[in-house]
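Hi,

Here is the structure I said I'd pass on. Have a look first, and my notes follow below.

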Amino acid sequence: MSAESDQRAPHAGTGASYASAGVDIEAGDRAVELMKEWVKKTQRPEVLGGLGGFAGLFDASALKRFERPLLASATDGVGTKVDLARQLGVYDTIGHDLVAMVMDDIVVCGAEPLFMTDYICVGKVHPERVAAIVKGIAEGCVLAGCALVGGETAEHPGLLGPDDFDVAGAGTGVVEADQLLGADRIRTGDAVIAMAASGLHSNGYSLVRHVLLDRAKLKLEGHIEEFGRTLGEELLEPTRIYSLDCLALTRTTEVHAFSHVTGGGLAANLARVIPDGLHAIVDRETWTPAPVFDLVGKAGDVERLELEKTLNMGVGMIAIVPEESADVALATLADRGVDAWIAGEITERGEHATGAALIGDYAK
């Protein structure tokens, strides 16, 4: 049957197709074209090829400079923060959050971020929106020092609404075996250095949304005097990426461990790197959490313990260093524009102590 006679058939165009099921392949292809320029900005010398292959390629011969290279891997998403991005129509920051959640986990063991892949799931492909998400991921990769070597955009009509989306990613880093950081390096008297968070980061948004939007009925477009901007702008503030800052510390002074403060809060995440027999004491009086944390607590009548085990309370990363290295560490971070301070110390564990504890009240 010729193409012309086929077009004239009585039932032409009435059969099922991928497009009629809600999947637009052409839109997906356009999204790939739009994102290519951003992906190029993340390339490292070890990356081979470009977008369009079935797998991203990374030249592992670059690892020959290591005596015993250990690969570090992590995967994560951004959680319900994506729904705020959808409501506000802002798509170019959420990818930044994704890189932070993945690569700041990888650097905790002292690993250098190498490359990352992403997965974007949408109800309907809007090419410009997908490209904006990838733009944010690419910009985050540049800040983390890693390459974006590939990804996947999936269209799920019927499962997600036309404007709904979610993102996830996975990353790989490398660390020399004898430079691996962790609990076995920590000693009594070590200083606990806190690095300021840029805001809520990407955890606890189910609580934040419930309290501020559902209970307090605040509007995302509404101006909040304490923030100096709208609620939506505050809530979408990108997660700080500490990867290169942490690596800079390992090059300038001795570091025993890092702790990335995410879900579970400061005490729970810090406890993950404290060895048996030792205890981390963090003094709340050494910093003042940003106003957004106070707003969540007051608007929802949320108890402090609940806030502290859900939100970062103003600390996004912890470095544990020997006491004599603390001044150099703080100077290094200051030179890099990172607000940091000595927040506590490592002590012998008491009979009933847990791995980490917060003491005192927050500074006013």
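**What turned up**

A search of the whole structure gives one cavity of 30 Å³ or more (a set of points on a 1 Å grid over the protein atoms alone where a 1.4 Å probe fits but cannot get out; lining residues have an atom within 4 Å of a point). This is a predicted model, so local features need pLDDT of at least 70 and side-chain atom pairs pLDDT 80 or more, while totals for chains, interfaces and linings use all residues. Residues are numbered from 1 along each chain as its sequence is written, and side-chain values use heavy atoms, without hydrogens and water.

The largest cavity holds about 70 Å³ of space, the volume being that filled by probe spheres set on the grid points, which are joined across faces, edges and corners. Its lining includes Tyr 91, Lys 124, His 126 and Asp 164.

Asp 164 also forms a salt bridge with Arg 86, with the closest N and O atoms 3.6 Å apart (a side-chain nitrogen of Lys or Arg within 4 Å of a carboxyl oxygen of Asp or Glu). The two sit 78 residues apart in the chain. There are 15 salt bridges in the structure.

Another one pairs Arg 336 with Asp 245, at 2.6 Å. Asp 245 is buried, at 8% relative accessibility, whereas Arg 336 is partly exposed at 37% (buried is under 20% relative accessible area, exposed over 50%, partly exposed in between, with a 1.4 Å probe and protein chains only).

Cheers

Terms used. 1 Å grid on protein atoms, 1.4 Å probe; cavity = no way out; pocket = protein on both sides within 12 Å on 5 of 7 lines; lining within 4 Å. Helix = DSSP H or I, 4+ residues; strand = E, 2+ residues; numbered from the N terminus.
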